[in-house]
Amino acid sequence: MVSNSLIDPHGRKHNYLRISLTDHCNLRCFYCMPEEGIEFQEKSSYLTRSEIFEVAKTFVQLGVNKIRITGGEPLVRKRADEILRDLASLPIELAITTNGILLDRYLPLFKEIGLTNINVSLDSLNEEKNLLITKRDYYQKIRNNISLLLDEGITPKLNVVVMRDINQDEIIDFIELTKHSNLDVRFLEFMPFNGNKWKLEKCFSYQEILTEITNHYGDQINKLEDSFNSTSKNYKVSNYQGSFGIISSITNPFCEGCNRIRLTADGNLKNCLFSTEEFDILTPLREGSNIVPIIEDCLSNKKAVKAGIQTTDNNIETLEQNRSMISIGG
Ligand code: SF4
């Protein structure tokens with residue numbers, strides 16, 4: 001049951017909290033980490049293990065029943081295993097988004113705490129192109145770890161950011177992965193964040209992605225039913241084991257069903273991925289004050305669509321005021 005504290009002025013119930021554990025990562029994807037890097041903060045500026053647990057408990061008492069762990073790369077955070085165990089003790093569905101490099105090391109823990117909702121970010125099936133995008137050479141390790149999950153009977157979701165003239169030519173290759181594997185491939189439209197040099201022309205749209213797919217598979221494409229809060233529009237190729245979806249934040253947003261609120265690693269709440277307005281809960285938390293009024297304030301200021309911000313080229317200045325993707329966690 002979601003309390004009024006988690007209901008925004010548009011009647012949306014926020015039962016899904018995304019917690020970024022860190023803004024550090026072992027990759028340097030150019031659409032996430034600005035080329036010039038980011039300024040890391042003092043250690044004391046980040047939520048500690050017990051503070052993360054305390055905030056999560058408060059949200060669960062208010063009605064949150066799903067928590068997704070993000071980063072940067074959450075598994076590079078020191079004591080990530082202890083934080084995950086803490087959160088797994090709460091009455092929630094626990095999920096994680098990772099770049100997959102450290103999955104083999106954490107798989108025993110995931111199995112122990114029942115964490116099977118795993119999203120892995122992988123933007124190319126071409127080793128060289130992967131190096132170009134991530135600036136690190138972990139492609140094989142990530143592929144092996146995805147196979148490891150499948151061998152364990154875990155169905156990962158693959159998150160693929162589709163960027164024009166970079167990887168839209170691999171859309172069919174990614175879908176072919178779902179032929180014999182129970183994988184869920186999600187194609188994300190390229191989104192603007194601080195320092196990622198976004199331009200609308202670089203965004204390969206939902207319609208363009210669907211056209212590529214329909215041109216190739218014709219009437220073998222079946223539309224799946226999407227849940228009200230779903231971020232992706234989901235499909236399946238006939239007789240293929242897995243499925244695919246398209247997340248169209250730029251050209252076909254899905255804000256009417258938004259149930260997400262975000263907590264950054266340095267203790268700020270964001271009521272929307274695109275919001276430039278943030279609500280500090282770390283300071284009051286450390287002062288021993290009640291954080292519920294701040295949660296309510298954050299949600300009562302939530303706009304209907306994309307924080308009221310146009311994701312267009314003539315709005316780059318405003319879009320650049322947001323954080324970089326690496327310090328939000330998607
Ligand atoms: S753009 Fe903002 S309001 Fe819309 S679905 Fe994403 S987080 Fe929710």
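Visitor: Where does Arg79 lie?

Guide: Arg79 lies in the loop between E2 and H2; helices (H or I, at least four residues) and strands (E, at least two) are DSSP runs, numbered from the N terminus. This is a predicted model, in which local features need pLDDT of at least 70, side-chain atom pairs count only at pLDDT 80 or more, and totals for chains, interfaces and linings use all residues. Residues are numbered from 1 along each chain as its sequence is written, and side-chain values use heavy atoms, with hydrogens and water left out.

Visitor: What is the phi of Arg79?

Guide: Arg79 is not a glycine, although its phi is positive, at about 60°. The loop between strand E2 (66-70) and helix H2 (80-88) also holds Gly72. A cis peptide bond, with omega of about -5°, joins Gly71 and Gly72.

Visitor: Why is Thr98 called buried?

Guide: The relative accessible area of Thr98 is 2%. Buried means under 20% relative accessible area, exposed over 50%, and partly exposed in between (1.4 Å probe, protein chains only). Thr98 is therefore buried.

Visitor: Which residues does Thr98 touch, and where is Thr98 placed?

Guide: Thr98 is in strand E3 (residues 93-98). Residues up to four places away in sequence are not counted, and Thr98 then touches Glu73, Leu75, Leu103, Ile118, Asn119, Val120 and Ser121. Contact means heavy atoms within 4.5 Å.

Visitor: Why is Gln168 called buried?

Guide: Gln168 has a relative accessible area of 17%, and so it is buried. The place of Gln168 is in the loop between strand E5 (157-162) and helix H6 (171-176). A polar atom of the side chain of Gln168 lies 2.7 Å from the backbone nitrogen of Asp165.

Visitor: How do you know how H3 and H5 are oriented to each other?

Guide: Helix H3 (residues 103-113) and helix H5 (residues 139-151) pack at an angle of about 20°, with their axes 10 Å apart. Axes are lines fitted to C-alpha atoms, for helices over the stretch in contact, and angles run from 0 to 180 degrees between N-to-C directions. Angles under 35 degrees count as roughly parallel, over 145 as roughly antiparallel, 65 to 115 as roughly perpendicular and the rest as oblique. H3 and H5 are therefore roughly parallel to each other.

Visitor: Which residues of H3 meet H5?

Guide: Leu103, Asp104 and Leu107 in H3 meet Lys141, Asn145, Leu148 and Leu149 in H5.

Visitor: Why does Lys141 count as partly exposed?

Guide: Lys141 has 31% relative accessibility, and therefore counts as partly exposed. Lys141 touches Ile101 and Asp104, not counting residues up to four places away in sequence.

Visitor: Is Lys306 buried or exposed?

Guide: Lys306 has 8% relative accessibility, and so counts as buried. Lys306 lies in the loop between helix H9 (292-300) and helix H10 (316-319).

Definitions and conventions. A polar contact is a pair of N or O atoms within 3.5 Å; within protein, one must be able to donate a hydrogen and the other to accept it, and residues adjacent in sequence count only if both atoms are side-chain atoms.
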